[in-house]
Amino acid sequence: MAPAALFDVDGTLLDTNYLHTLAWSEALAQYGHHPAMARIHHAIGMGGDQLLDHLLGQDRDRDQDDEVSAAHKALYARFWPRLRAFDQAGELLRAVAARGWTVVLASSAAGRDLEVMRRALGADDVIAHATSADDVQESKPAPDLVHAALDKAGARPQEALFVGDTPWDVKAAREAGVRCLAVLSGGWSAHELRTAGALEIHEDAAALLAGLQDSALARPAGTTQ
C-alpha cells in the first residue's frame, strides 16, 4: 500500500480560519445567536453539525440548524475571491510528493467550495486524491474524514501522516490511528496542539517545508534516497 500524507486545508494550507469565523458569526447573528468570536474561532475545524453543538449546546432547538449552515455557506462564498494559500503551501505539497508520499487533501468541503480551494492552492499537479463532504458521515473530531482519506490513498494508518492546524485535526487523526503534525497558522497555540497529541509543531507551511528533512515527512518508512 502507498504511504500517504493527508493534509487538512483550512488553516493549514489556506488562510481561511478567520474568514470562516466571521461568516459563522454573521450567520449565527441572523438567527439570534451571538457567541464571542473567540469561541467561534476555537470551533473552526469542526464540521457544521459539531460546531453548532459546541457553540449552542446539544439540548437546543435544532429546527434552524440547516438554515444557519446554509447562511454560513452563502456568507463564506463572498470571500472566495480573497482566498489565499499560505506562503509555499503548494511547494510543500510538491516537496512531500517528491519524497515518495501520496498527497491527499483531507477536506469535508462540498462541491464548489472544494473547487475554489483547490484553485487557490494551485497544486493539482501533485494532489493524488481529495475527500469531500460526500465522503463523511460525521465530521471532525470524529475520525471519518481521516478514514476516508486513507481509503482514497489505499494506505494503512501506520503508513500515513496527517498535517493539520487544530486540536480537532489532531484528535480525528489519533482516533484513526494516524500520527499528526500540526502548524500554528490556524490560530491555535503550540501548547493546545501538543496537549491534543500532535507529534510535531511547526509555525506554518513554509516552516514545515524548510524543516522537512528533519520532520516525520522527510521520507516514508522503508524508502531510501
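## A walk from a proline to a pocket

Pro-141 sits in the loop between strand 3 (127-130) and helix 7 (144-153). Start there. The model is a predicted one. The peptide bond that joins Lys-140 and Pro-141 is cis, with omega at about 15 degrees.

Gln-88 is found between helix 4 and helix 5 (89-98). Look at its phi angle. Phi of Gln-88 is near 65 degrees, a positive value, and Gln-88 is not a glycine. Most residues other than glycine have a negative phi.

Now turn to the helices. Helix 1 covers residues 17-30, and helix 4 covers residues 65-77. The axes of helix 1 and helix 4 come within 8 Å. They cross at roughly 135 degrees. What does that angle make the pair? Angles over 145 degrees count as roughly antiparallel, and 65 to 115 as roughly perpendicular. Helix 1 and helix 4 are therefore oblique to each other. Their crossing is right-handed.

Which residues make this contact? Helix 1 brings Leu-19, His-20, Ala-23, Trp-24, Glu-26, Ala-27, Leu-28 and Gln-30. Helix 4 answers with Val-68, Ser-69, Ala-71, His-72, Leu-75 and Tyr-76. By class, the contact of helix 1 with helix 4 has nine nonpolar residues, four polar ones and one charged one.

Helix 1, helix 3 (48-56), helix 4 and helix 6 (111-121) each supply at least two residues. Which element gives the largest share of the lining? Helix 4 does, with six residues. Helix 4 meets helix 1, and helix 4 lines the largest pocket.

Finally, sort the lining of the largest pocket by class. There are 14 nonpolar, 12 polar and 13 charged residues.

Conventions:
Residues numbered from 1 in each chain as written. Predicted model: local features only at pLDDT ≥ 70, side-chain atom pairs only at ≥ 80, totals over all residues. Heavy atoms only, no water. Helix = DSSP H or I, 4+ residues; strand = E, 2+ residues; numbered from the N terminus. Nonpolar A, V, L, I, M, F, W, Y, C, P; charged D, E, K, R; others polar. Axes fitted to C-alpha atoms, helices over the stretch in contact; angles between N-to-C directions. Parallel < 35°, antiparallel > 145°, perpendicular 65-115°, else oblique. Left-handed = near helix turned anticlockwise from the far one by under 90°. Contact = heavy atoms within 4.5 Å.
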